[in-house]
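Let's walk through this model together, with the sequence and the coordinates side by side. Please open your viewer and follow along.

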Amino acid sequence: MTLLLNTWFTNVSKNDDELIVVAFADNQITQKRYKITGKVFIDCTGDGRLGAEAGNYWTQGRESKAQYGESLAMDVADTLTEGTSLAFHAKDMGKPMPFKPPPSFTRKFTADDFKFRHIDSIAYGYWWIEISYPFENVS
């Protein structure tokens, strides 16, 4: 198994049986494009991107109690979705640069927050913003 971080699907090729035979993905940091072949493709994207690229049926939002018999679900379905995480960091450009700090609702991280992640340096700052309700971030 190969883990491709910061990468999302951009297209697929299907065979005559409508099964995916090739998936195409782009890394958003390196701009590297991947051509992925396999016998089985499992959509673990969190947002259904592989299935959507393949033209599969999908729904958006939270389902109602009646839809799947879930007693703890909402009475009426809606189209709300999970938030989106935006991570960004600053870099020394070798000369003074104008800088406006992120809004107060962002959290500034320290090296202790990245014990289990490969982050080369946070010397100039590393921030995370969650964009969520009431913003629609899927469509």
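Start with Leu5, which lies in the segment before β1; helices (H or I, at least four residues) and strands (E, at least two) are DSSP runs, numbered from the N terminus. Leu5 is exposed, with a relative accessible area of 55%. On this scale, buried means under 20% relative accessible area, exposed over 50%, and partly exposed in between, using a 1.4 Å probe and protein chains only. Although Leu5 and Gln28 are separated by 23 residues in sequence, their C-alpha atoms are 9.0 Å apart in space.

Before going further, a word on conventions. This is a predicted model, in which local features need pLDDT of at least 70 and side-chain atom pairs count only at pLDDT 80 or more, while totals for chains, interfaces and linings use all residues. Residues are numbered from 1 along each chain as its sequence is written, and side-chain values use heavy atoms, with hydrogens and water left out.

Now to the sheet. Strands of a sheet pair through backbone hydrogen bonds, either parallel or antiparallel. Here, three strands form an open sheet in the order β1-β2-β3, with antiparallel pairing; two strands pair if DSSP finds at least two bridges between them. β1 and β3 (33–37) are the edge strands, each having a single partner, so one side of each is left without a neighbour in the sheet. On average, neighbouring strands of this sheet are turned by 25° against each other, direction ignored. For such angles, axes are lines fitted to C-alpha atoms (for helices over the stretch in contact), and angles run from 0 to 180 degrees between N-to-C directions. Between β2 and β3 there are five bridges in the antiparallel sense, and Ala25 has Tyr34 as its bridge partner in β3.

Ala25 also leads us to the largest nonpolar core, whose seven residues are Phe9, Val12, Ile20, Ala23, Ala25, Leu50 and Ala54. A nonpolar core is a set of buried Ala, Val, Leu, Ile, Met, Phe, Trp, Tyr and Cys residues joined through side-chain atoms within 4.5 Å.

Let's turn to the charged side chains. A search of the whole structure finds five salt bridges, each being a side-chain nitrogen of Lys or Arg within 4 Å of a carboxyl oxygen of Asp or Glu. One of them joins Lys14 and Glu18, with the closest N and O atoms 2.8 Å apart. Lys14 counts as partly exposed because its relative accessibility is 33%, whereas Glu18, at 54%, counts as exposed.

Another salt bridge joins Glu53 to Arg49, at 2.8 Å from N to O. These two residues are four apart in helix α1 (residues 49–53), so about one helical turn separates them. Glu53 is partly exposed at 26% relative accessible area, and Arg49 is partly exposed at 27%.

Lys65 and Asp75 also meet in a salt bridge, with an N to O distance of 3.2 Å. This pair links distant parts of the chain, ten residues apart: Lys65 is in helix α2 (residues 65–68) and Asp75 is in the loop between α2 and β4 (84–89). Lys65 is partly exposed at 33% relative accessibility, while Asp75 is exposed at 62%.
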